[in-house]
Each structure stands twice: as structure tokens, then as C-alpha cells.
Amino acid sequence: MVDRGLLDADPVEVAPLLLGKVLAHGGRAGRIVEVEAYRGADDPASHAFRGQTARNAAMFGGPGLLYVYFTYGMHWCANVVCGPEGEAGAVLVRALEPLCGLGAMRASRLAGRRGGAGRPGEPPDRELCRGPANLARALGIDGRHDGVDLLSSGTGAGRPRLLDDGVAPPTRPARGPRIGVRWGAEEPWRFWVAGEPCVSGRPPPD
DNA sequence: CTTTGGATCGTCT
DNA sequence: GACGATCCAAAGG
């Protein structure tokens with residue numbers, strides 16, 4: 001299990017440390033390979049920029065909570081809340097390397113898509129958890145899990161969890177501007193594991 | 001290969 | 001009433 005103290009800091013510092021950790025839920029698990037940091041009142045790209053609301057309340061909670069939000073009328077995205085309670089901050093999980101339950105991941109992905117029956121060519125393993133909305137759907141995480149504690153030691157096997165299996169974060173993570181934001185796009189607060197094929201977006205030039 | 005637009009609805013102005 | 005921390009498929013080069 002991840003130490004809660006690790007998360008009780010500025011999201012920009014916590015984000016690269018989450019690379020290598022494991023996000024698990026419902027018999028499925030993946031290693032975090034791409035994240036983005038979002039801060040509070042000083043970050044115009046953050047949901048918490050204009051203060052606390054019913055939607056972003058989890059962002060103001062204590063470190064280790066899960067913040068799940070709904071967007072574009074159809075997508076859920078999962079964040080790890082960090083920083084002290086009362087202060088907004090979170091790290092958006094953008095991509096995972098699938099580890100366990102790949103069959104269930106693929107089933108969730110296919111169940112969620114619109115239109116007719118499956119087309120030829122299902123998603124390859126490395127695309128199962130590529131992108132924030134995709135990984136939430138693959139793991140079965142949605143609005144019901146907003147505000148749950150990822151670090152509580154209870155026996156809920158059906159509960160989302162953040163695990164540390166001893167794999168260290170990269171000593172020199174790749175780093176660049178956040179994706180899909182209009183304001184604050186210049187801040188290099190996106191971090192990923194260099195060379196990792198499960199990372200979303202275009203393959204980095206190097 | 002790149003570009004474009006549709007889907008779809010909770011949240012905040 | 002407008003617009004998303006997105007994704008995918010279809011159309012165009």
C-alpha cells in the first residue's frame with residue numbers, strides 16, 4: 001500500500017512519484033505510466049480554480065482520496081487527491097500498463113462503446129488503459145467511487161486501491177505540458193515513463 | 001498518415 | 001444556455 005505521507009505534498013511533486021505505483025479495482029490492475037498534476041486556486045486549468053463545489057469536493061479532501069469526475073457527457077476520469085486536507089490538489093492518472101484482469105478490461109471497454117457489434121480488431125493490450133477515460137472504464141471506476149479512500153486498509157476487494165509493489169519511479173521521468181487544457185497549458189506538469197508504449201498521445205520523438 | 005466532427009449530459013454562469 | 005482535464009470513426013491527402 002502506498003504511504004499516505006507520500007501524497008501529503010504539492011501535486012507537482014507527488015505526480016512523478018506516482019509513476020510505477022499500481023491502481024487496482026475489481027480484479028483488474030495496472031501500473032501508472034502517465035500522470036498530470038492539478039493544483040488549486042493558483043491553477044487556472046484545475047477544477048478547483050474557482051473554489052469548492054459539489055463536484056470537486058473530493059479535491060479538497062485529505063491525501064489518498066479518489067477524485068472521479070464526469071466530462072464530455074460520457075467519460076469518467078480518476079485522480080489521486082494529494083496535499084493537506086482543505087487544500088485542493090490532485091493528480092490525474094492518464095495511462096496504465098495493464099497488469100491483471102486484461103480480459104475484464106477489454107470486456108468493459110467493448111461494453112462501453114456505442115454503435116453496433118464489435119468491429120474486427122479489438123484494442124491491443126497496450127491500448128486498454130491508454131487515456132484517462134479509457135483507463136477508468138477499463139478498471140470499472142465511475143462516479144460511485146468519487147471520494148473513496150484509495151489507501152484504507154479494509155477488506156473491500158471491490159474497492160479501488162493504490163498499491164506499491166516495490167517498483168521505484170523512474171529517476172528521470174519524461175515531462176511536458178498538460179494535454180487538453182486551455183489555460184495553464186504552458187506548465188510542464190505532465191509526467192510519463194519514457195519509452196513506455198502505453199502512454200497516451202503521440203509517441204514522444206525520443 | 002492527419003484532420004474533423006459527433007456523441008452526450010452534469011455543472012456552473 | 002454553453003462548454004468540458006475525451007474518444008473514436010469517418011473523411012481527406
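Modeller: Contact means that heavy atoms lie within 4.5 Å. Please keep in mind that the model before us is predicted.

Colleague: With which residues is E34 in contact, leaving aside its neighbours within four places in sequence?

Modeller: Once those neighbours are set aside, the contacts of E34 include L19, L92, R94, I179, F191, W192 and S200. E34 itself belongs to strand β2, which covers residues 28-38.

Colleague: Does E34 count as buried or exposed?

Modeller: Buried means under 20% relative accessible area. E34 has 0% relative accessibility and therefore counts as buried. A polar atom of the E34 side chain lies 2.7 Å from the backbone nitrogen of S200.

Colleague: How many aromatic pairs does the structure hold, and how is such a pair described?

Modeller: One describes a pair of aromatic rings by the distance of the centres and the angle of the planes. The structure holds 2 aromatic pairs. In one of them, the ring centres of Y67 and Y69 are 5.7 Å apart and the planes stand at 40°, so this pair is tilted. Both Y67 and Y69 are buried.

Colleague: What are the distance and the angle for F70 and W76?

Modeller: Their ring centres are 4.8 Å apart with the planes at 55°, so the pair of F70 and W76 is tilted. F70, at 38% relative accessibility, counts as partly exposed; W76, at 30%, also counts as partly exposed.

Colleague: Over which rings do R178 and R190 lie?

Modeller: The charged end of R178 is placed over the ring of Y38, 4.7 Å from the ring's centre. R190 lies over the face of W192, with 4.4 Å to the ring centre. R190 and W192 are both among the contacts of E34.

Technical notes: Residues are numbered from 1 along each chain as its sequence is written. Chains are lettered from A and ligands numbered from 1 in the order in which they are written. This is a predicted model: local features need pLDDT of at least 70, side-chain atom pairs count only at pLDDT 80 or more; totals for chains, interfaces and linings use all residues. Side-chain values use heavy atoms; hydrogens and water are left out. Helices (H or I, at least four residues) and strands (E, at least two) are DSSP runs, numbered from the N terminus. Buried means under 20% relative accessible area, exposed over 50%, partly exposed in between (1.4 Å probe, protein chains only). A polar contact is a pair of N or O atoms within 3.5 Å; within protein, one must be able to donate a hydrogen and the other to accept it, and residues adjacent in sequence count only if both atoms are side-chain atoms. Rings of Phe, Tyr and Trp (its six-membered ring) pair if their centres lie within 6.5 Å; planes under 30 degrees apart count as stacked, over 60 as edge-to-face and the rest as tilted. A charge sits over a ring if NZ of Lys or CZ of Arg is within 6 Å of the ring centre and within 35 degrees of the ring normal.
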